[in-house]
Amino acid sequence: MFITFEGIDGSGKSTQLDLLANYLEQKNKKVIKVREPGGTILGEKIRDLLLNFPMNSRSELLLFLASRAQLVDEIIKPSLKKGYFVLADRFTDSSIAYQGGARNLGIDLVENLNSFATDNILPNIVFFIDIPVNIAITRILKKDRIEKEGKNFLEKVRDTYLKISMKKDNFYVIDGNQDVEGVFLQIKNIVDSYLDH
């Protein structure tokens, strides 16, 4: 099963991913965690470029897609074939929200390019940890190039995520305003409902 965690930075998605990984491992499931951008030798080099060097929006999108394509081929596809639960800290919906929506490159364009980059690999479940931008900003201590875009940019990102949620059945909006345990309980219940089938 392929599960992705989405959200604006500071939403707590990485914490929730780790909690789910531990929970699944306790149930004797094989789990692998990946992050975007990164997760491969090429992806980590691309991550450094994306987070630290100035670039235009199209270059940014294409670098994310290159990292994603490598991650899918090297890690995600082989792990799914071996029966692993693959938990991803960001995937295709991040590009739709950040580059398609907030950077105004177009949601349809980004969706088409995502399909090409991922070889049409899609997550079974997407968790969007939703918190107000004002709260997210207070949680982000060390800002990278994208996080420095400011409040209006992050509002556009969040709005795009919420639009995506209305179009996809497997896209779950999780209220990130609760404590860590409360957020995880929502996630665990959804995952358990899939495991029971």
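**View 1. Threonine 4 has alanine 88 of S3 as its bridge partner.** Strand S1 (residues 2-6) and strand S3 (residues 85-89) pair in the parallel sense, with four bridges between them; a pair requires at least two bridges found by DSSP. Strands are DSSP runs of E with at least two residues, helices are runs of H or I with at least four, and both are numbered from the N terminus. The model is predicted: local features need pLDDT of at least 70, side-chain atom pairs count only at pLDDT 80 or more, and totals for chains, interfaces and linings use all residues. Residues are numbered from 1 along each chain as its sequence is written, and side-chain values use heavy atoms, with hydrogens and water left out.

**View 2. An open sheet of five strands runs in the order S2-S3-S1-S4-S5, with parallel pairing.** Strand S2 (31-35) and strand S5 (171-175) are the edge strands, each with a single partner, so one side of each has no neighbour in the sheet. From one strand to the next, the twist averages 20 degrees.

**View 3. Helix H2 (residues 41-52) packs on helix H3 (residues 57-81) at an angle of about 160 degrees, with the axes 9 Å apart.** Axes are lines fitted to C-alpha atoms over the stretch in contact, and angles run from 0 to 180 degrees between N-to-C directions. H2 is therefore roughly antiparallel to H3 (angles over 145 degrees).

**View 4. The contact (heavy atoms within 4.5 Å) involves Leu42, Gly43, Ile46 and Leu50 of H2 and Glu60, Leu63, Phe64, Ala66, Ser67 and Gln70 of H3.**

How values were computed
Angles under 35 degrees count as roughly parallel, over 145 as roughly antiparallel, 65 to 115 as roughly perpendicular and the rest as oblique.
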